[in-house]
Amino acid sequence: MNITTTLSGITLKSPIIPASGTFGFGYEFPVYNPIYDIGILGGISIKGTTKEARFGNPTPRAAECYAGMLNSVGLQNPGIDAVLATEIPKLRSVYSGAIIANICGFSLEEYVHCVTLADGCADIDIIELNISCPNVKDGGHAFGTDPKTAAEITAAVRAVTTKPLYIKLTPNVTDIVSVAKACESAGADGLSLINTLLGMRIDPRTRRPVLANKMGGFSGPAIFPVALRIVYQVYSAVSIPIIGMGGVSSARDVVEMMLAGATAVQVGTANLVNPYACRDIVEELPKVMEKYGIASLTEIIGGAH
């Protein structure tokens, strides 16, 4: 069984990539748990990185939900300079696969600054631009909610990097297909679909929202059908590769995502429930492929169309 795949000319040993924010910076696993060989992972999307160090949002910033969870961590990270100087070298010293830098920002200038620095790092293979962040210069609306704004930030970042550029889109929009097409037209090499849905929980005892930030990102198995639908729709509208994500927790989910149009698949919340989730999915893939008569994963990309 051939479980390899290719993103923008980069061959991945498997299509499985831990999603940003759910796997730390990656090196923690082989350092503290040597029985987990992260070399089987196709890539690792590191923790979301901003220009300045961030402590994140006030606590509580996580809440359980039926078949998922809410989080409002608030991009806690040490800042781009520390990530490039310390975290990336640590990861590269124990991992030879694709390193995906997840870049976040609160203004176009911040995105450009961070991507310019990331472009100069030889150990970064792919840049994943998270445009679900609030644009502080435009009333707090996420960059990715409007096709025009999404295209502007894609073009600005495209101008400062030669690395493969994947845009991570928010599903909290009326028409995500139009946003995806705008990013493609502005120079994106690929898309990451989807980021979390917006949700909340209320504590009946206190009669107040559970999260200090009131609302947060809803993720986990409950959102898988939504993510699958979006990957399917966007695949029909663009000609660039898609990294599918959103509630993926099994090898069968991976097969469904690839049939919908994904070239690779990120696993997020499942890592927080079971730190071995990605490893287990990679090991399970050949059995599921045999069950459904799949010799090579690349043969099924977009097969449901």
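**Entry 1: Thr5**

I looked up Thr5 and noted that this residue is buried, with a relative accessibility of 1% (buried is under 20% relative accessible area, exposed over 50%, partly exposed in between, with a 1.4 Å probe and protein chains only). The model is a predicted one, in which local features need pLDDT of at least 70 and side-chain atom pairs count only at pLDDT 80 or more, while totals for chains, interfaces and linings use all residues. I count residues from 1 along each chain as its sequence is written, and side-chain values use heavy atoms, with hydrogens and water left out.

I found Thr5 in strand S1, residues 5-7 (helices, H or I with at least four residues, and strands, E with at least two, are DSSP runs numbered from the N terminus). I then checked the side chain of Thr5, which has a polar atom 2.8 Å from the backbone oxygen of Thr263 (a polar contact is a pair of N or O atoms within 3.5 Å; within protein, one must be able to donate a hydrogen and the other to accept it, and residues adjacent in sequence count only if both atoms are side-chain atoms). Not counting residues up to four places away in sequence, I listed the residues that Thr5 touches, among them Ile10, Leu12, Met258, Ala264 and Ile301 (contact means heavy atoms within 4.5 Å).

**Entry 2: H2 and H3**

Two packed helices are described by the angle between their axes and the distance between the axes. I looked up helix H2 (residues 80-92) and helix H3 (residues 108-119), whose axes come within 10 Å and cross at roughly 15 degrees (axes are lines fitted to C-alpha atoms, for helices over the stretch in contact, with angles from 0 to 180 degrees between N-to-C directions). That makes H2 roughly parallel to H3 (angles under 35 degrees count so; over 145 is roughly antiparallel, 65 to 115 roughly perpendicular and the rest oblique). On the H2 side I noted Ile80, Asp81 and Leu84 in the contact, and on the H3 side His113, Cys114, Leu117 and Ala118. By class, I have five nonpolar, one polar and one charged residues in this contact.

**Entry 3: backbone checks**

I noted a cis peptide bond between Thr59 and Pro60, with omega about 0 degrees. Pro60 sits in the loop between strand S4 (43-45) and strand S5 (62-65). I also noted a cis peptide bond from Leu193 to Ile194, with omega near 10 degrees. Ile194 is placed in the loop between strand S10 (190-193) and strand S11 (197-199).

Ala67 is not a glycine, yet I read a positive phi of about 55 degrees for Ala67. I located Ala67 in the loop between S5 and strand S6 (68-71), and Ala67 is partly exposed at 47% relative accessible area. Leu75, also not a glycine, has a positive phi of about 60 degrees. I placed Leu75 in the loop between S6 and H2.

**Entry 4: H5**

I looked up helix H5, residues 176-185, which holds Ala182. The buried residues in H5 are Ile176, Val177, Val179, Ala180, Ala182 and Cys183. I noted that their cover includes helix H4 (147-158), strand S9 (165-168), S10 and helix H6 (224-237). Leaving aside neighbours within four places in sequence, Ala182 is in contact with Pro147 and Ala151. At the start of H5, I found a side-chain oxygen of Asp175 within 3.2 Å of the backbone nitrogen of Val177. Just after H5, Gly187 takes a positive phi of about 115 degrees.

Key. Ala, Val, Leu, Ile, Met, Phe, Trp, Tyr, Cys and Pro count as nonpolar, Asp, Glu, Lys and Arg as charged, and the others, Gly among them, as polar.
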